[in-house]
Amino acid sequence: MTDRIVGLVILASAIWYGVTAGTYEASFGDPLGPAAFPVMLSVPVAVLSLFLLIRPDANPDWARGAALLRQVAAICILVSYALLLERLGFLFVTFLAVALLGRLLGSQWGKSAVSGAVISLVLFVAFDQVLGLPLPALPEFMS
């Protein structure tokens, strides 16, 4: 039963994500439009959620204890990332999210911080210089 509930929640999220992305407009010129990637992502997620609805596992083995806490922490980090991106800027929020996710996966603090710094810089250059997507580099109070 829990597989079906999770499948239904994921299906509803995929439909909401795809419909919401379809209305997104950006000021820059992209032949596919800014909604292409989110819509392409929502379709396989919806199809895979149907698999959970149609063929649920008879005896699902759900995460417990520390594994469950790490999963909840990862979701909290990703939701916080989305909520804080514009307010705190792409570079700082991406650095923080990558470093914290690295720690959740068992990396040391130093390696997580270096990974966060490198990934945030590379992604910012890729989005800003290569793709031409306007991202807020710095927090609102600094720009």
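Mentor: On the H3 side you'll find Arg-70, Ala-73, Ala-74, Ile-77, Leu-78, Tyr-81, Leu-84, Leu-85 and Leu-88, and they meet a set in H4 made up of Phe-90, Phe-92, Val-93, Thr-94, Ala-97, Leu-100, Leu-101 and Leu-104. Sort that contact by class and you get 15 nonpolar residues, one polar and one charged. Keep in mind that this is a predicted model.

How do the two helices lie against each other? H3 covers residues 65-88, and its axis comes within 9 Å of the axis of H4, with a crossing angle of roughly 175 degrees. Anything over 145 degrees counts as roughly antiparallel, so H3 is roughly antiparallel to H4.

The crossing of H4 past H5 is right-handed. From H4, the residues in this contact are Phe-90, Leu-91, Thr-94, Phe-95, Val-98, Ala-99, Leu-100, Gly-102 and Arg-103. Across from them in H5 sit Trp-109, Ser-112, Ala-113, Ser-115, Gly-116, Ala-117, Ile-119, Ser-120, Leu-121, Leu-123, Phe-124 and Phe-127. By class, this contact holds 14 nonpolar residues, six polar and one charged.

Which aromatic rings does Phe-90 pair with? A search of the whole structure turns up two aromatic pairs. In one of them, the ring centres of Phe-90 and Phe-124 are 6.1 Å apart and the planes are at 40 degrees, so this pair is tilted. Phe-90 belongs to H4 (residues 90-104) and Phe-124 to H5 (residues 109-130), so the pair ties together parts that are 34 residues apart in sequence. Then there's Phe-90 with Phe-127, an edge-to-face pair with 6.2 Å from centre to centre and 80 degrees between the planes. Phe-127 is in H5 while Phe-90 is in H4, so here the parts tied together are 37 residues apart in sequence.

Are its members buried or exposed? Phe-90 counts as buried, at 4% relative accessibility. Phe-124 is buried too, with a relative accessible area of 15%. Phe-127 is partly exposed, with 27%.

There's another Phe in H4 to look at: Phe-95. At 27% relative accessibility, Phe-95 counts as partly exposed. Leave aside its neighbours within four places in sequence, and Phe-95 is in contact with Ala-113, Gly-116, Ala-117 and Ser-120. Those four are also on the H5 side of the contact between H4 and H5. For a sense of distance, the C-alpha atoms of Phe-95 and Phe-51 are separated by 35 Å, and the two residues are 44 apart along the chain.

For contrast, take a look at another helix pair. H1 (residues 2-22) and H2 (residues 36-54) have axes that come within 8 Å and cross at roughly 160 degrees. H1 and H2 are therefore roughly antiparallel to each other. H1 passes H2 in a left-handed crossing. The contact of H1 with H2 has 16 nonpolar residues, five polar and two charged. Among the H1 residues in it are Val-6, Leu-8, Ile-10, Leu-11 and Tyr-17, and the H2 residues they face include Val-39, Leu-41, Val-45, Leu-50 and Leu-53.

Past H5, you can find Leu-138 in the segment that follows. Leu-138 is partly exposed, with a relative accessible area of 41%.

Finally, step back to the whole protein. How many helices and strands does it have? Five helices and zero strands, which read along the sequence as α-α-α-α-α. The C-alpha trace spans about 50 × 40 × 25 Å along its principal axes. Of the 143 residues, 19% count as buried. And among contacts between residues at least 6 apart in sequence, 63% join residues at least 24 apart.

Definitions and conventions: Residues are numbered from 1 along each chain as its sequence is written. This is a predicted model: local features need pLDDT of at least 70, side-chain atom pairs count only at pLDDT 80 or more; totals for chains, interfaces and linings use all residues. Side-chain values use heavy atoms; hydrogens and water are left out. Axes are lines fitted to C-alpha atoms, for helices over the stretch in contact, and angles run from 0 to 180 degrees between N-to-C directions. Angles under 35 degrees count as roughly parallel, over 145 as roughly antiparallel, 65 to 115 as roughly perpendicular and the rest as oblique. A crossing is left-handed if the near helix is turned anticlockwise from the far one by less than a right angle, and right-handed if clockwise. Contact means heavy atoms within 4.5 Å. Ala, Val, Leu, Ile, Met, Phe, Trp, Tyr, Cys and Pro count as nonpolar, Asp, Glu, Lys and Arg as charged, and the others, Gly among them, as polar. Rings of Phe, Tyr and Trp (its six-membered ring) pair if their centres lie within 6.5 Å; planes under 30 degrees apart count as stacked, over 60 as edge-to-face and the rest as tilted. Buried means under 20% relative accessible area, exposed over 50%, partly exposed in between (1.4 Å probe, protein chains only).
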